[in-house]
Amino acid sequence: MTDAKKDYDFHKESHTERMVINMGPSHPATHGTVKFLVTLDGETIEDIDVEIGYLHRAFEKECENQQWSGVFPYTDRLDYTASVLNNIGYALAVEKLIGLKTPERCDYIRTIIGEMARMSGHYTNLGAGALELGALSAFIYFVEARELVWDLLESVCGARLTHNYVRIGGLISELPDGFGLGVAKAFKKNRELWSDFDKLLTKNRIFLDRMRDVGGISAEKAIEWGFTGPCLRACGVPFDVRKAEPYLIYDQLDFEIPLGSTGDNFDRYLVRMEEINQSMRIVEQCLEKMPEGPINVDDPNWRQPSKDESSKKIESLIFHFKAVIEGQKVPAGEVYQPIEGANGEVGFYVVSNGGGKPYKCRCRPPSFALTSAMPQLVTGSMLADLIPTFDMINLIGGECDR
Amino acid sequence: MAITFKKVDRNAKLTLWEASYVPEILRGMSITMRHFLTNMAGLVMELAGGRKHRKIMTLYYPEEDPVIPPSYRGRPALVRRSDGLEKCVACGLCEVICPPHCISIVGAERENGERYPLTYTLDGSRCIFCGLCEEACPKEAIIMSHDWKNLCEYDRSKMIYSKEQLLYPERNLVRRLEAIRGRYFGIKRYKNN
Amino acid sequence: MITLPDLVETVVKIAFILGLTIGFYAPIIGWIERKQSAVMQDRIGGNRAAILGFTVIGLFHSLADAIKLIFKEDFVPRGAETALHRLAPVISVVPALIAFAVIPFGGTYNLWGHETRLVIADLDVGVLYVFAIASLATYGVVIAGWASNNNWSLLGALRAAAQMFSYEVAMGLTIIGLVMFYQSLSLVEIVDKQENFYHWGIIWHFPAFILFLTCAIAENKRIPFDTPEAESELVAGYFTEYSGMKFIMFWTAEFLEIVTISALCVTLFFGGHQIPFVTVSGLIDFLGFLGPNGANAAAMLIGVAVFIIKLTLLIMLQMSIRWTLPRFRYDQVMKLGWKMILPASLIWIFLVGAGILTGVMPAV
């Protein structure tokens, strides 16, 4: 090779320029409102800059101005595809701070509702992933399945998206009549739709080529970047909060946690698909084993009086007034409680100074850590690879930006 | 009883037949065609017979309404007693607990000493339908009704509901009232479905 | 020397084709696309547009779309090449229309002593003409993308240019085997030779049909090959900056191309207007009780109807492909074209040649 040839710089000689494009904040692929500043060399991503914060609404500051029980509606709006899980996380954190033990039936119902929320989160993510790769029918099948889950959640919680179902020391209401039957019916249809989705995509070569060996990350790097949840398990790291630090009744249940091996998009997809199945299994087990009993702690400090009680007994009424106006007093201290959210470890770090309002309520959002690794995942790959990678990372704006 | 880890199957090797795109495309099309044909059959049967054979999930919305479960939280409503007056005693608990602070009450007293809200304003554009007001209310005076239609306006000022707009006769809210009376330590509990 | 009856005949045929494509198929495909996808996906599909309370299962939605888009603002972005921006939709819609000129939509019928051939132009090189015209469509796309002064459009146009040029090569090669088999480049002759059901293209050239359909869909830039307009990557690709009437023209071009592709497939592989096991003369004889002119006219109507039915079925096949599959990545599209379809069609040409030489394939 001559010197002249060695010094030949293609970009210099061909007078090409890098193309800088703004992907987002309102771009079809950036659901959840995020902006990518992508530098392209042809179709290859040279550099990418992720800008988040478009959905910032001061969750943490807002919590400091709410009573302990008033935070629940705000936690709904973190990961809005699986909102009950956030409710549960916050409730568990506050209960840990108080040292409250919820009744067993409450734990069972929380597990059931939480797993259903996880299903809905995964349905949304996988469906949107399929949609963005152009497989619209597959997307609609999962939306249909999610709709069935939402119907069940609506019959329990009273809302389809922002459930606001869990309370400190219990739940707002019992499961409705015929819930078990409804679950059996909905899950039968869900399994059908799941298998349709699976057959449409999992072995389809077009889909495989788009997903496999794209957006991969090694297990060490994933841990360094703070990955949790399905994205970490896709790398083959056996970490799941449900097993590592069992909460609720997970240690009494029998289920499998899927693990990937290479950490690429296809592994993330498979892990999530399998988790939907396992969640269905968990719900069915819980419904079978669920004991009878109260769903709230029998402690007037923490549960709200029922309507009958508060309208008939004056002591109860006065206590209720005090609790609502001053807020329930949580003993001073600080605590961190992680749970396994749909996206990874959702943790609430709660500080109390003994007052009726949280002194500090910090949420550890899983998708923040995942999104920060985006440049690592996509630099050097093609523009079209950004789409499945970003999808499987599953940025939920409400959770990431808070 | 254990939580175990399991490797997912990456079906890393496609056979040459599978790698030729055709079989998987045909399989995918057979699935969508199956949906197409069963749904078509349902639609045709519905047109022909009038019976509800439709296999389709979606609703013809204005003609068909979704089923609203008793626990549903719709637009907040003030309960009107049978004598036409509001149940609310203007204690202000809902005003305190409301997370987005959308309720404001001016209380007053009737000649017979009963407290009542002179004005009760609920800003529908701020309400997040969380139902905490209903939980806090000791008098069952504010209830999340099952009213979910016509909640949107082109003008936000039209979404500020006055007391008159919020008042509902009690008989329209019976289903919801029963549902919330069963809450916490209410009538309905300890039952396995 | 062109005679008056010939002129009338040609004008009527052109009017019929224009009516069939722009007047009938363009709106109907919009409707099929909506409704078929909806029913495939457990939905109902658009059914609200009504005239005097009649919705006709959503057929008026295409009309509503057209009216809405015609009255929309005709937007030209700042810095765009105005003249080219306006010209591009026209360049893409015209080839889709005129490709239809050589496609026979019926046989030869003797009406009132006038020999009527149901094709606008019976070219000796009909196949080549179609490919030549189809390659013009690329210019519309590339010009649209370049003239829009938008990065997304430019990327879409670049992808479209590469993809369409590559697949033209492959598409041409997939047909060579067929041309060898029928020993003609004239579409009319190819259809005539398919009078015998056992000589239909689909029976002897099934692999070529699959390859051709793949290339044709890629030419038309529909899922799974819609990288130039991939909405999740490039917003809308080359027509990001188009609105109103110009946007309709792009869509019409796409819909017309679906019709053209289906018509080509029908002509090359499914015997055009031919009914299996029934010859045209046999059909005319069978309808003899209507008198000579009546029999010919009835046979003509049946022929056209058969053609349209086949066309519609193929359109529905393309729709179900479009609503089932995910989309390729840009480099995978190119790889598929150059590394799989091109060699495969070469192999097929070789096999057809061997088949004809050894007498495995019948001489037609």
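Me: What makes E5-E2-E7 of chain B an open sheet?
Reply: In this predicted model, the 3 strands stand in the order E5-E2-E7, with mixed pairing. Strand E5 (142-144) and strand E7 (167-169) of chain B each have a single partner strand and stand at the edges, so one side of each has no neighbour in the sheet. On average, neighbouring strands of this sheet are turned by 50° against each other, direction ignored.

Me: What does the rest of chain B hold, in helices and strands?
Reply: Chain B has 6 helices and 7 strands. Along the sequence they follow the pattern β-α-α-β-α-β-β-α-β-β-α-β-α.

Me: How many residues of chain B count as buried?
Reply: The share is 30% of its 193 residues. A residue is counted as buried if 20 or more other C-beta atoms lie within 10 Å of its own. As for contacts in chain B between residues at least 6 apart in sequence, 69% join residues at least 24 apart.

Me: What makes residues of chain B and chain A count as being in contact?
Reply: The condition is that their C-beta atoms, placed from the backbone, lie within 7 Å. On that basis, 51 residues of chain B are in contact with 69 residues of chain A. Among the elements of chain B that each supply at least two residues to this side are strand E1 (3-7) and helix H2 (22-49). The side of chain B that touches chain A has 26 nonpolar, 10 polar and 15 charged residues.

Me: Why are strand E6 of chain A and E1(B) called a pair?
Reply: Strand E6 (residues 255-259) of chain A and E1(B) share 5 bridges, and at least two are needed, so they count as a pair. The pairing is in the parallel sense. One of its bridges has Lys7(B), in E1(B), as the partner of Leu259(A).

Me: How many residues of chain C are in contact with chain A?
Reply: There are 22 in chain C, in contact with 26 residues of chain A. Helix H9 (231-234), helix H12 (291-324) and helix H13 (330-358) of chain C each supply at least two residues of that side. By class, the side of chain C that touches chain A has 9 nonpolar, 5 polar and 8 charged residues.

Me: What are the domains of chain A, and how far apart are their centres?
Reply: Chain A is divided into domain 1 (3-51) and domain 2 (52-400). Their C-alpha centres lie 35 Å apart. Between them, 14 residues of domain 1 are in contact with 21 residues of domain 2. Strand E3 (residues 44-51) of chain A gives the largest share of the domain 1 side, 6 residues. That side has 7 nonpolar, 4 polar and 3 charged residues.

Me: Why do E7 and E9 of chain A stand at the edges of their sheet?
Reply: The open sheet has 3 strands in the order E7-E8-E9, with antiparallel pairing. Strand E7 (333-340) and strand E9 (360-364) each have a single partner strand, so one side of each is left without a neighbour in the sheet. Neighbouring strands here are turned by 15° against each other on average, direction ignored. E7(A) is joined to strand E8 (residues 345-352) by 8 bridges, and Ile339(A) stands opposite Val346(A) in E8(A). Helix H5 (residues 83-98) of chain A lies across E7 and E8, at about 145° to E7(A).

Note on methods: Residues numbered from 1 in each chain as written. Chains lettered and ligands numbered in written order. Predicted model: local features only at pLDDT ≥ 70, side-chain atom pairs only at ≥ 80, totals over all residues. Domains from an automatic or database assignment. Contact = placed C-beta atoms within 7 Å. Helix = DSSP H or I, 4+ residues; strand = E, 2+ residues; numbered from the N terminus. Nonpolar A, V, L, I, M, F, W, Y, C, P; charged D, E, K, R; others polar. Axes fitted to C-alpha atoms, helices over the stretch in contact; angles between N-to-C directions. Buried ≥ 20, exposed ≤ 12 C-beta atoms within 10 Å, placed from the backbone.
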